[in-house]
Amino acid sequence: LCKIIPVNTIWLQTCDAVSLEVPPLQYEKLLVPHPQQPMKRLNKDVVKINVAVTGFVGVERMAIRMIILAIGADYTDNMSRENTHLICKEASGPKYLKAVEWKLHVVTIEWLYHIVYFGYKMDCEKSYSIIQQKVNECERGANDVTIKSSQEH
């Protein structure tokens with residue numbers, strides 16, 4: 001027997017854009033529909049979001065681009081001061097550094113998933129800030145060092 005895997009329109013658009021059949025389960029959060037929570041769209045009269053992406057390549061990058069456009073946000077290949085958000089795979093690289101300098105919202109891919117499933121809420125970026133995650137990691141690392149050195153004595 002064959003297994004039927006449901007896909008969303010983002011899967012179709014991504015396959016067309018990259019000219020190959022993409023295994024949907026490889027990018028499940030991006031390409032498989034979630035019927036209990038249909039994709040939410042931005043109200044462009046309330047919020048304008050202009051997104052660039054860094055660290056994602058190939059099919060994954062194309063699917064992210066398609067989702068950004070599907071929710072009603074704008075997507076740019078190249079980042080500029082007109083961008084409002086940068087979705088990062090990790091907190092490093094020239095786009096990341098420039099986005100921090102320009103005080104853009106620098107977020108994880110989980111931010112995009114949140115918008116898709118629950119809609120955009122003002123300041124929801126705080127929960128998905130890659131900058132804040134990096135600060136938290138540094139603080140945890142500093143606490144580990146303090147705990148270890150106090151245990152050594």
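Predicted model: local features only at pLDDT ≥ 70, side-chain atom pairs only at ≥ 80, totals over all residues.

Visitor: Which residues in helix 1 and helix 3 meet?

Guide: Helix 1 contributes Ile10, Gln13, Thr14, Ala17 and Val18, and these meet Val59, Met62, Ala63, Met66, Ile67 and Ala70 in helix 3. Consider Met62, which lies in helix 3. Leaving aside residues up to four places away in sequence, Met62 touches Thr14, Ala17 and Val18. Between Met62 and Trp11 there are 9.8 Å in space, C-alpha to C-alpha, although the two are 51 residues apart in sequence.

Visitor: What share of the contacts in the chain joins residues at least 24 apart?

Guide: Among contacts between residues at least 6 apart in sequence, the share is 59%. As for burial, 41% of the 153 residues of the chain count as buried. The accessible surface of the chain is about 9600 Å², and carbon and sulfur atoms account for 55% of that surface.

Visitor: In what order do the elements of the chain run?

Guide: The chain has six helices and four strands. From the N terminus on, the order is α-α-β-α-β-β-α-β-α-α.

Visitor: In what order do the four strands stand in the sheet, and is the pairing parallel or antiparallel?

Guide: In general, strands of a sheet pair through backbone hydrogen bonds, in either a parallel or an antiparallel manner. Here the four strands form an open sheet in the order 2-1-3-4, with parallel pairing. Strand 2 (74–75) and strand 4 (105–107) are at the edges with a single partner strand each, so one side of each has no neighbour in the sheet.

Visitor: How many bridges join strand 1 and strand 2?

Guide: Strand 1 (residues 50–54) pairs with strand 2 over two bridges, in the parallel sense. Asn50 has Asp74 in strand 2 as its bridge partner.

Visitor: Which strands does helix 5 touch?

Guide: Helix 5 (residues 109–118) packs on the sheet and touches strand 1, strand 3 (85–88) and strand 4. The direction of helix 5 makes about 115 degrees with that of strand 3.

How values were computed. Residues numbered from 1 in each chain as written. Heavy atoms only, no water. Pairing = 2+ DSSP bridges. Contact = heavy atoms within 4.5 Å. Axes fitted to C-alpha atoms, helices over the stretch in contact; angles between N-to-C directions. Buried < 20%, exposed > 50% of the residue type's maximum accessible area, 1.4 Å probe, protein only. Areas by Shrake-Rupley, 256 points an atom, 1.4 Å probe, with all protein chains shown as cover.
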